[in-house]
Amino acid sequence: NAYGKMVVKRMYDYMSANVIYLTTKNTHNMIVIDKGFKNGVTNDMAVLSPQGVVGVVKDVSAHFSSIIPLLNPNSRISAKIMPINQIGTVVWEDNDPEMGFLIDIPQHLTVNIGDSIFTSGFSNVFPANILIGTVVKKINNDKNTFLTIKVKFATNFNHLNTVYLVSNIYKSEIDSLKKNFKNE
């Protein structure tokens, strides 16, 4: 054809790891896995389960790494709600290991129970379109122009054994472009 061959770049590498420590009932939950920098793990790597998003690597030692899971108030994941394709942020501010909230979605948009929440792909950490969860409740706020949307997480943290670490092969290249832009 006139456009030549389309080249698809592989953006991500994946590696599996075993969960060796996990909390789900604390305010600041954490996960520890059996892979570290000797296995190529770096901080800020995305962590997935077979069902969806788990969290982000925080600290790395030679043979182990800690993860900030979705079940932590410091976790903030750029997300999109489908089918309306609106960008928001998934946060956790409950003590419920199955539920979180999607914030920053304008109240005038149509959101339905059962709509899916996926990673947006805008963070440089997570690939796009990884399932985070589904809408189970939405609340209109009188004082606010944004909806409160309760999300049931796709990952079952109480039965988490194997996780998958995701590294963006081009992260440093993309980060340097973004940094140069901020210095304008």
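**Entry 1: ground rules**

I am working with a predicted model, in which local features need pLDDT of at least 70 and side-chain atom pairs count only at pLDDT 80 or more, while totals for chains, interfaces and linings use all residues. Residues are numbered from 1 along each chain as its sequence is written, and side-chain values use heavy atoms, with hydrogens and water left out.

**Entry 2**

I looked up the strands (DSSP runs of E, at least two residues, numbered from the N terminus). Two strands count as paired if DSSP finds at least two bridges between them. I noted the general rule that strands of a sheet pair through backbone hydrogen bonds, either parallel or antiparallel.

Next I took β5 and its partners. Strand β4, residues 53–60, pairs with β5, residues 65–69, in the antiparallel sense over 4 bridges. A hairpin of 4 residues joins β4 to β5. Across this pairing, valine 56 stands opposite isoleucine 68, and glycine 55 stands opposite proline 69. Strand β2, residues 31–33, also pairs with β5 in the antiparallel sense, over 3 bridges. There, isoleucine 31 has isoleucine 67 as its bridge partner.

How much of β5 is covered? I found that 4 of its 5 residues are buried, where buried means under 20% relative accessible area, exposed means over 50%, and partly exposed lies in between (1.4 Å probe, protein chains only).

**Entry 2: serine 65**

I picked serine 65, which lies in strand β5. Serine 65 is buried, because its relative accessible area is 2%. Its side chain reaches the backbone oxygen of lysine 35 at 2.7 Å. Contact means heavy atoms within 4.5 Å. I also checked asparagine 43, which is 22 residues from serine 65 in sequence and 8.4 Å away in space, C-alpha to C-alpha.

Within it, β8 (residues 99–106) and β11 (residues 146–153) run antiparallel and are joined by 6 bridges. Methionine 99 has lysine 152 in β11 as its bridge partner.

Where is serine 120? I found it in the loop between β9 (116–119) and β10 (131–139). Serine 120 is buried, since its relative accessible area is 6%. Its side chain makes a polar contact with the side chain of serine 78 at 2.5 Å. A polar contact is a pair of N or O atoms within 3.5 Å; within protein, one must be able to donate a hydrogen and the other to accept it, and residues adjacent in sequence count only if both atoms are side-chain atoms. A polar atom of the serine 120 side chain also lies 3.0 Å from the backbone nitrogen of phenylalanine 122. Leaving aside neighbours within four places in sequence, serine 120 contacts Ser78, Ala79, Lys80, Ile87 and Ala128.

I followed that list to isoleucine 87, which lies in strand β7, residues 86–91. Is isoleucine 87 buried or partly exposed? Isoleucine 87 is partly exposed, because its relative accessible area is 30%. Residues that isoleucine 87 touches include Asp104, Ile105 and Phe122. Leucine 165 is 78 residues from isoleucine 87 in sequence and 24 Å away in space, C-alpha to C-alpha.

**Entry 3: the largest pocket**

Last, I looked up the largest pocket, which is lined by 13 residues. Val56, Arg76, Ile77, Val125 and Phe126 lie nearest its centre. The elements that give two or more residues to this lining are β4 and β6 (77–82). The largest share, 3 residues, comes from β4.

Methods. 1 Å grid on protein atoms, 1.4 Å probe; cavity = no way out; pocket = protein on both sides within 12 Å on 5 of 7 lines; lining within 4 Å.
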